Amino acid sequence: MTPLVGEWEGDVGVDLSYHNKDDDTTETGYFEQAVFSPIPTQENGRQSMEGLHYKMTAWRHGEEAMDPFHDEVGYLLWDKANGQVMRNVVFGRGIAILAGSDAGLRDTELHFDATPGEAAYGILQNKYLLERAELKGFTSVFTFNADGTFTHHSDIVLKLAATGEEMHHTDRNTLARVKRYHPSARLA
């Protein structure tokens with residue numbers, strides 16, 4: 001995860017989501033900023049994890065001077081001894097996800113998966129969302145590209161009360177580093 005340390009921007013984001021106001025599923029283009037900062041080594045008994053604190057914020061094209069439509073904070077964690085990578089993410093809408101999977105030291109793709117009710121990698125959401133847009137699954141991939149950019153893709157499976165059907169809310173973007181931090185920097 002060390003290649004992620006720093007500040008990033010991407011202007012080619014695409015969000016596919018259901019819009020209650022229009023009763024329609026559409027794609028929205030967006031601009032995104034992300035910051036990844038190292039955290040101290042996390043010790044849990046014999047478990048030792050390295051990690052990054054992160055924040056990702058997105059604005060619809062043409063609305064960059066307005067409030068963002070998406071904001072998340074979280075941690076990316078690497079448990080080298082157990083070969084696990086984790087993404088602990090909290091969305092401002094009242095959603096908390098701990099997603100993870102197997103990973104190797106030099107992987108150029110990191111996969112993060114979570115399912116509601118799972119003891120290890122699961123999903124929590126507030127009551128309002130549970131009744132109207134129940135999260136049924138979460139998958140996310142971070143890909144380190146050869147040109148120094150990184151691409152993220154997320155797929156949240158929702159059961160929508162408005163339609164009675166499941167849908168895939170997806171987000172994807174490619175970001176380029178705009179500011180580099182030394183990996184040993186301890187930033188908040």
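I take two strands as paired if DSSP finds at least two bridges between them. The strands themselves are DSSP runs of E, at least two residues long, numbered from the N terminus. The model I am reading is predicted.

**Entry: β10 and its partners**

I began with the hairpin of β10 and β11. There are 5 residues between these two strands, and Gly164 takes a positive phi near 75 degrees. β10 covers residues 150-160 and β11 covers residues 166-180; I find them antiparallel, paired over 10 bridges. As one bridge I noted Val157, whose partner in β11 is His168.

Next I looked up β9 and β10. These strands run antiparallel as well, joined by 11 bridges. Here Phe144 stands opposite Phe150 in β10. The hairpin of β9 and β10 has 5 residues between the strands, and Gly148 has a positive phi near 90 degrees.

How many residues of β10 are buried? I count 8 of 11, and I put the strand down as mostly covered.

I moved to the hairpin of β2 and β3. It has 2 residues between the strands, and Gly45 in the turn has a positive phi of about 60 degrees. β2 spans residues 24-44, and its antiparallel pairing with β3 runs over 13 bridges. From this pairing I noted Glu43, bridged to Ser48 in β3.

On to β3 and β4, which are antiparallel and share 9 bridges. Thr57 has Asp71 in β4 as its bridge partner.

**Entry: Asp71**

Asp71 sits in strand β4. Is its side buried or exposed, or in between? Asp71 is partly exposed, because its relative accessibility is 32% and the range for that term lies between 20% and 50%.

I listed what Asp71 touches, leaving out neighbours within four places in sequence: Lys55, Met56, Thr57, Val90, Phe91 and Gly92. Which side chains make polar contacts with the side chain of Asp71? One is Lys55, at 2.6 Å. Another is Thr57, at 2.9 Å, the residue that is also its bridge partner.

**Entry: Glu64**

I then went to the loop between β3 (47-60) and β4 (70-79), where Glu64 lies. Glu64 is partly exposed, since its relative accessibility is 36%. Not counting residues up to four places away in sequence, I find Glu64 touching Phe31 and Trp59. A polar atom of the Glu64 side chain lies 2.9 Å from the backbone nitrogen of Gly62. For Gly29, 35 residues away along the chain, I noted a C-alpha separation from Glu64 of 12 Å.

**Entry: aromatic pairs**

How many aromatic pairs are there? I count 8. I looked at two of them. Phe36 and Tyr54 form a stacked pair, with centres 5.6 Å apart and 25 degrees between the planes. Phe36 is in strand β2 and Tyr54 in strand β3, so the pair ties together parts that are 18 residues apart in sequence. Phe36 is buried, because its relative accessible area is 0%. Tyr54 is buried too, at 0% relative accessibility.

The other pair I looked up is Phe112 with Phe142. It is edge-to-face: 5.5 Å centre to centre, with an angle of 75 degrees between the planes. Phe112 lies in strand β7 (residues 109-114) and Phe142 in strand β9 (residues 133-144); the pair links distant parts of the chain, 30 residues apart. Phe112 counts as buried because its relative accessible area is 0%. Phe142 is buried as well, with a relative accessible area of 0%.

Which residues make up the aromatic cluster? I wrote down Trp8, Phe36, Tyr54, Phe112, Phe142 and Phe150.

Conventions
Residues are numbered from 1 along each chain as its sequence is written. This is a predicted model: local features need pLDDT of at least 70, side-chain atom pairs count only at pLDDT 80 or more; totals for chains, interfaces and linings use all residues. Side-chain values use heavy atoms; hydrogens and water are left out. Helices (H or I, at least four residues) and strands (E, at least two) are DSSP runs, numbered from the N terminus. Buried means under 20% relative accessible area, exposed over 50%, partly exposed in between (1.4 Å probe, protein chains only). Contact means heavy atoms within 4.5 Å. A polar contact is a pair of N or O atoms within 3.5 Å; within protein, one must be able to donate a hydrogen and the other to accept it, and residues adjacent in sequence count only if both atoms are side-chain atoms. Rings of Phe, Tyr and Trp (its six-membered ring) pair if their centres lie within 6.5 Å; planes under 30 degrees apart count as stacked, over 60 as edge-to-face and the rest as tilted.
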